[in-house]
Amino acid sequence: VGLEDITFEMVKNDDVGQIRRIPVKLGRAAANTLYRQVFDHLEDNDTLADAVALCHSSHSNDINAALSNASMTTGRRMLLDQTAYNDSAEILGIANAPRYVIVPHELDETSWQLLDGWGRGQGEHDTTNRNANFHGYQGLERIVVDYFSVATDWWMCADPANQPTIEV
């Protein structure tokens, strides 16, 4: 609940190190709470103001495919084609989209191979044609969320500096 005890013995023994660890521990707990609150919106697929789930076909953002080069291409195109809320004529034109690939730890190795596996920014090579993966050159970064419970779910999102996704 965010409470820590400072005992009489800690003060009497001048245990400054143990007392200094208390705010660090509380800060870490607060950061972890915020981290989970944000990423829970993705995993829980929360309902938005329009009474539709965050990831839904009517939002043109639900791929429903295993993480692969092809599904990442589909996701990138969907993100680039996103329109403003209630205005299908206004394409948002999200710069550098997508910026992040968010995966559970079960997809950590797969996402690493697709993005970074052969050297920073080169991605997984096509050994037949000796071509580097397009996504590795696009500056995509992986975010691995260790506590996600569905091993096959993954997400792509734009840079929050350019296009807010989940606001806190």
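Threonine 83 has isoleucine 91, in strand β2, as its bridge partner. The structure is a predicted model, in which local features need pLDDT of at least 70 and side-chain atom pairs count only at pLDDT 80 or more, while totals for chains, interfaces and linings use all residues. Residues are numbered from 1 along each chain as its sequence is written, and side-chain values use heavy atoms, with hydrogens and water left out.

Strand β1 covers residues 83–84 and pairs with β2 in the antiparallel sense over 2 bridges; pairing requires that DSSP find at least two bridges between two strands. Strands (E, at least two residues) and helices (H or I, at least four) are DSSP runs, numbered from the N terminus. Between β1 and β2, which form a hairpin, stand 2 residues, and asparagine 86 in the turn has a positive phi of about 65°. Buried here means under 20% relative accessible area, exposed means over 50%, and partly exposed lies in between (1.4 Å probe, protein chains only).

Helix α2 gives the most, with 5 residues. In total, 50 residues line this pocket, and Leu54, Cys55, Asn61, Gln82 and Thr165 lie nearest its centre. A pocket is an open set of points on a 1 Å grid over the protein atoms alone, where a 1.4 Å probe fits, with protein on both sides within 12 Å along at least five of seven lines; lining residues have an atom within 4 Å of a point.

The whole structure holds 3 salt bridges, each a side-chain nitrogen of Lys or Arg within 4 Å of a carboxyl oxygen of Asp or Glu. Glutamate 141 and arginine 99 form one of them, with their closest N and O atoms 2.8 Å apart. This pair links strand β4 (residues 141–145) to the loop between β2 and β3, 42 residues apart. Arginine 99 also meets aspartate 159 in a salt bridge (3.9 Å, N to O). Aspartate 159 lies in the segment after β5, so this pair ties together parts that are 60 residues apart in sequence. Aspartate 159 is buried, at 19% relative accessible area, whereas arginine 99 is partly exposed at 23%.

Arginine 142 and aspartate 108 form a further salt bridge (2.2 Å, N to O). Arginine 142 lies in strand β4 and aspartate 108 in helix α4 (residues 108–115), so parts 34 residues apart in sequence are tied together. Through shared partners, salt bridges join Arg99, Glu141 and Asp159 into one network.
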